[in-house]
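Subject: Structure handover

Hello,

Here is the structure I said I would pass on. My notes on it follow below the files.

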Amino acid sequence: MEITFISDTHHIVSNQEDRDDLTLLLPGGPILVHAGDMSGRGTESEIRRFLDWFSSLPYMHKILIAGNHDFFFEIAKPELVAALLADYPEVTYLNDSGVTIEGIKFWGSPVTPWFHNWAFNRYPQEIEAHWDLIPNDTDVLITHGPPQGILDKTIREGWSVGCKYLLKVVNRVNPKVHVFGHIHEGMGQTQIGGTIFINAAVVDERYHLWHNKPSVINVEPKFPTF
Ligand SMILES: [Mn+2]
């Protein structure tokens, strides 16, 4: 099953030229995954504008998590979030939750280590409770932030700012693919052991479109069910 991975679209969909450029880079197919940061400030109108675009893309299934910019999903009343998502039935929103599509098990979480009180930020003593929820049979793990040491270096300081607790869990779960974004300048793909890691950010550290082709990976279920 071919899956296309993107992340951190931020303001791109508000600018017609950028939006058209990004749309042309997406090949279409069965499944599209977005690993969070679909907005600049996380207002409902920004999120609706994003979802209007995202839901129109030529994919059978569209899977989405929030990121640290997407405040609406953390702050709005749950019934408002549910009402917004009800307008986009072709989009599957994950929030410390999973979905199985064509036998492939996806798990998504928006949580990132605390950094100036953005959305879904968690202190070290809180974050492991989120990661503990990730099932061992996950094929595709979607988090907004990277694990420590993998495609997580800041361009200015060269610091590795990924989550060390998430790295522990990735080693437990061994997903086929772990996709994230958040540290835009870490954009790229690497394989370590049996896991392909993708930093799928479509913009650079200055929020300009990279113009690279997104990662497309052929994923088969780890534990096929018959
Ligand atoms: Mn971002």
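Is His10 buried or exposed? His10 is buried, with a relative accessible area of 2%. Please keep in mind throughout that this is a predicted model.

**Metal site**

His10 is one of the residues that coordinate the manganese ion, through its NE2 atom. His10 sits in the loop between β1 (2-6) and α1 (16-25), while Asp37 sits in the loop between β2 (29-34) and α2, so the two tie together parts that are 27 residues apart in sequence. Asp37 is buried as well, at a relative accessible area of 1%.

**Nonpolar cores**

The largest nonpolar core contains 30 residues. Phe50, Leu51, Trp53, Phe54 and Phe73 have the most contacts inside this core. At least two residues of the core come from each of α2 (44-54), β3 (59-64), α3 (72-75), α4 (78-86) and β4 (91-93). Helix α2 gives the largest share, five residues.

Leaving aside residues up to four places away in sequence, Phe54 touches Leu32, His34, Lys62, Ile63, Leu64 and Val91. Ile63 belongs to a second, separate core of 20 residues, which also includes Ile65, Val177 and Val179.

Val177 and Val179 are part of strand β10 (residues 177-180) and point one way from it. His178 and Phe180 point the other way, and all four of these residues are buried. In a regular strand, side chains alternate between the two faces of the sheet.

Strand β10 pairs with strand β9 (residues 140-143) in the parallel sense, over three bridges. Within that pairing, Val177 is the bridge partner of Val140. Between the two strands the chain passes through helix α6 (residues 164-173), and this β-α-β crossover from β9 to β10 is right-handed.

Strand β10 is also joined to strand β12 (residues 195-199), by four bridges, and these two strands run parallel. Here the bridge partner of His178 is Phe197.

Regards

How values were computed. Residues numbered from 1 in each chain as written. Predicted model: local features only at pLDDT ≥ 70, side-chain atom pairs only at ≥ 80, totals over all residues. Heavy atoms only, no water. Core = buried A, V, L, I, M, F, W, Y, C linked by side-chain atoms within 4.5 Å. Buried < 20%, exposed > 50% of the residue type's maximum accessible area, 1.4 Å probe, protein only. Contact = heavy atoms within 4.5 Å. Donors = N, O, S within 2.8 Å, 3.2 Å for Na, K, Ca; no water. Pairing = 2+ DSSP bridges. Right-handed = clockwise from strand over helix to strand, strands pointing away.
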